[in-house]
Amino acid sequence: MFKRKKVFKILITGSFGSGKTTLVRTLSQIEPVLTEKRISSEEERTVAGKETTTVAMDVGKLKISDDLEVHLFSTPGQERFSFMFDVLSKGIIGALILVDATNRLSMEVAKSLADKVRELYGVPIVFGVTKLDLPDAKSLEEIRAHLEDDDAKVVPLDPRRPEDGKRALLELLSLALEE
Ligand SMILES: Nc1nc2c(ncn2[C@@H]2O[C@H](COP(=O)(O)OP(=O)(O)OP(=O)(O)O)[C@@H](O)[C@H]2O)c(=O)[nH]1
Ligand SMILES: [Mg+2]
């Protein structure tokens, strides 16, 4: 019998340079839709080696099984583009919030994004901690303690590694689908 394919929308968000676009690029099985612009001002040069920034969104698609597909929508990290958050969040079943382990501010941003997701959309959250391999990174345990969020999972996630990204997505899907 014909089985209808289920399509779920997931939001990927997090601070500037936390790895959102990298993750969408890594996971998407279609050519992702990216809106990258070259970084123009010194203010934006806070992440070493980063030449571009997202100005509207990234969109990617990933097939989990024959009847389950996930659409990934990721936000720009810069505050001046925060108006995109609501546009991108319509209809999400969960949010993956990236935390840059080398940037203290990233934890604060992640906490306030989690508050916003819960208040506006009431969906489950997984925090993915990126850049744990870098020398100035805080440990996963320190970050978990600082986030103080018993309702969310906190997992290590190198956005350049497909298996890391998939593991985090599956955690999020299992939280979202059991609710
Ligand atoms: N070594 C290391 N580098 C990482 C890791 N995660 C992300 N990066 C690097 O950090 C940079 C992140 O850049 P983007 O993916 O553009 O970040 P973004 O969150 O989309 O940034 P905005 O859209 O500007 O907010 C890239 O150069 C990644 O290769 C990690 O776990 N380890
Ligand atoms: Mg980006």
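## Starting point: polar contacts

A polar contact is a pair of N or O atoms within 3.5 Å; within protein, one atom must be able to donate a hydrogen and the other to accept it, and residues adjacent in sequence count only if both atoms are side-chain atoms. Keep that in mind for Ser28, where a polar side-chain atom lies 3.0 Å from the backbone nitrogen of Lys61. The side chain of Ser28 also reaches the backbone oxygen of Ile30, at 2.8 Å.

Before going on, some ground rules. This is a predicted model, in which local features need pLDDT of at least 70 and side-chain atom pairs count only at pLDDT 80 or more, while totals for chains, interfaces and linings use all residues. Residues are numbered from 1 along each chain as its sequence is written, chains are lettered from A and ligands numbered from 1 in the order in which they are written, and side-chain values use heavy atoms, with hydrogens and water left out.

## Where Ser28 sits

Ser28 lies in the loop between α1 and β2 (33-38). Those labels come from DSSP runs numbered from the N terminus: helices are H or I with at least four residues, strands are E with at least two. Is Ser28 buried or exposed? Ser28 counts as buried because its relative accessible area is 13%, and buried means under 20%, exposed over 50% and partly exposed in between (1.4 Å probe, protein chains only).

Leaving aside its neighbours within four places in sequence, Ser28 is in contact with Gly60 and Lys61; contact here means heavy atoms within 4.5 Å. Lys61 turns up again in strand pairing, as it stands opposite His71 in β4.

## Strand β4 and its partners

Two strands pair if DSSP finds at least two bridges between them. Strand β4 (residues 68-74) does this with β3, to which it is joined by seven bridges in an antiparallel arrangement. A hairpin leads from β3 to β4 through two residues.

β4 also pairs with strand β1 (residues 6-14), this time in the parallel sense over seven bridges. There, Ile10 has Leu72 as its bridge partner in β4. Six of the seven residues of β4 are buried, so the strand is mostly covered.

## Strand β6, wrapped on both sides

Now for strand β6 (residues 125-130): six of its six residues are buried, so the rest of the structure largely encloses it. In a regular strand the side chains alternate between the two faces of the sheet. In β6 both faces are covered, with Ile125, Phe127 and Val129 buried on one side and Val126, Gly128 and Thr130 buried on the other.

Val126 is a handy landmark. It is the bridge partner of Leu96, and strand β5 (residues 92-100) pairs with β6 in the parallel sense over six bridges. Val126 also stands opposite Lys153 in β7; β6 and strand β7 (residues 153-156) are parallel too, with four bridges.

## Two right-handed crossovers

β5, α3 and β6 make a right-handed β-α-β unit, and so do β6, helix α4 (residues 140-147) and β7. Right-handed means that, with the strands pointing away from the viewer, the path from the first strand over the helix to the second runs clockwise.

Arg104 belongs to helix α3 (residues 104-121) and is partly exposed, at 47% relative accessible area. Beyond its neighbours within four places in sequence, Arg104 is in contact with Lys138 and His146.

Which residues coordinate the magnesium ion (ligand 2)? Thr21 and Thr54 do, each through OG1, at 2.0 Å. Donors are N, O and S atoms within 2.8 Å of the metal (3.2 Å for Na, K and Ca), and water is not among the atoms, so sites may look incomplete. Thr21 is in helix α1 (residues 20-27) and Thr54 in strand β3 (residues 52-65), 33 residues apart, so the pair links distant parts of the chain. Both threonines, Thr21 and Thr54, are buried.

Ligand 1 is surrounded by 19 residues, the closest being Lys20, Thr22, Thr53, Lys131 and Asp133; a residue counts as near if one of its heavy atoms lies within 4 Å. An oxygen atom of ligand 1 is 2.8 Å from a side-chain N or O atom of Lys50. Lys131 is in the loop between β6 and α4 and has a phi near 65°, a positive value in a residue other than glycine.
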